[in-house]
Amino acid sequence: MIGFRPGDLWAISPLLVLAISACVLLLADLFRLSRLRLPLGLVGTGGACIAAVRQFGRGGFAFEQTVYVDAQSVVFSLIILAALFVSLLIGAKQHEREGIQ
């Protein structure tokens, strides 16, 4: 059984930031706050980028050697987050153009 140590959360911090921002986005959508979708998405993506950048130079194992973070995985995470950032901006422009709320 894998033990949980709070000190290991640094290894999955970008994922945690994205998951928490997704939950906040779902709550905003539930309460019909559609004007907050793009800003919340961009803030969540930016927070995940910051969390990923903070992992540079701190590579190693976490969660009893089930998660490994190195420079290559951080760069890959940043590429995926950059694609998410661009897709959020493109999607917002498309929704604006088509009048979708």
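Predicted model: local features only at pLDDT ≥ 70, side-chain atom pairs only at ≥ 80, totals over all residues.

Q: What makes up the secondary structure of the chain?
A: There are 3 helices and 2 strands. Along the sequence they follow the pattern α-α-β-β-α.

Q: How do you know that the chain is more spread out than a compact globule?
A: The globule rule takes 2.2 Å times the number of residues to the power 0.38. For 101 residues that rule gives 13 Å, and the radius of gyration of the chain is 16 Å, well over it, so the chain is more spread out than a compact globule. Along its principal axes the C-alpha trace spans about 50 × 25 × 20 Å.

Q: How do you know that the span of helix 3 agrees with its number of residues?
A: Helix 3 covers residues 71-98, which is 28 residues. The expected span is 1.5 Å times one less than the number of residues.

Q: What share of the residues is called buried?
A: Buried means under 20% relative accessible area. Of the 101 residues, 20% count as buried.

Q: What makes up the accessible surface of the chain?
A: The surface comes to about 7,100 Å², and 69% of it belongs to carbon and sulfur atoms.

Q: Where do the charges lie relative to each other?
A: The chain has 8 positive and 6 negative side chains. The centres of the two sets lie 8 Å apart.

Key
Residues numbered from 1 in each chain as written. Heavy atoms only, no water. Helix = DSSP H or I, 4+ residues; strand = E, 2+ residues; numbered from the N terminus. Buried < 20%, exposed > 50% of the residue type's maximum accessible area, 1.4 Å probe, protein only. Areas by Shrake-Rupley, 256 points an atom, 1.4 Å probe, with all protein chains shown as cover. Lys, Arg positive; Asp, Glu negative; His and termini not counted. Charge placed at Lys NZ, Arg CZ, Asp CG, Glu CD.
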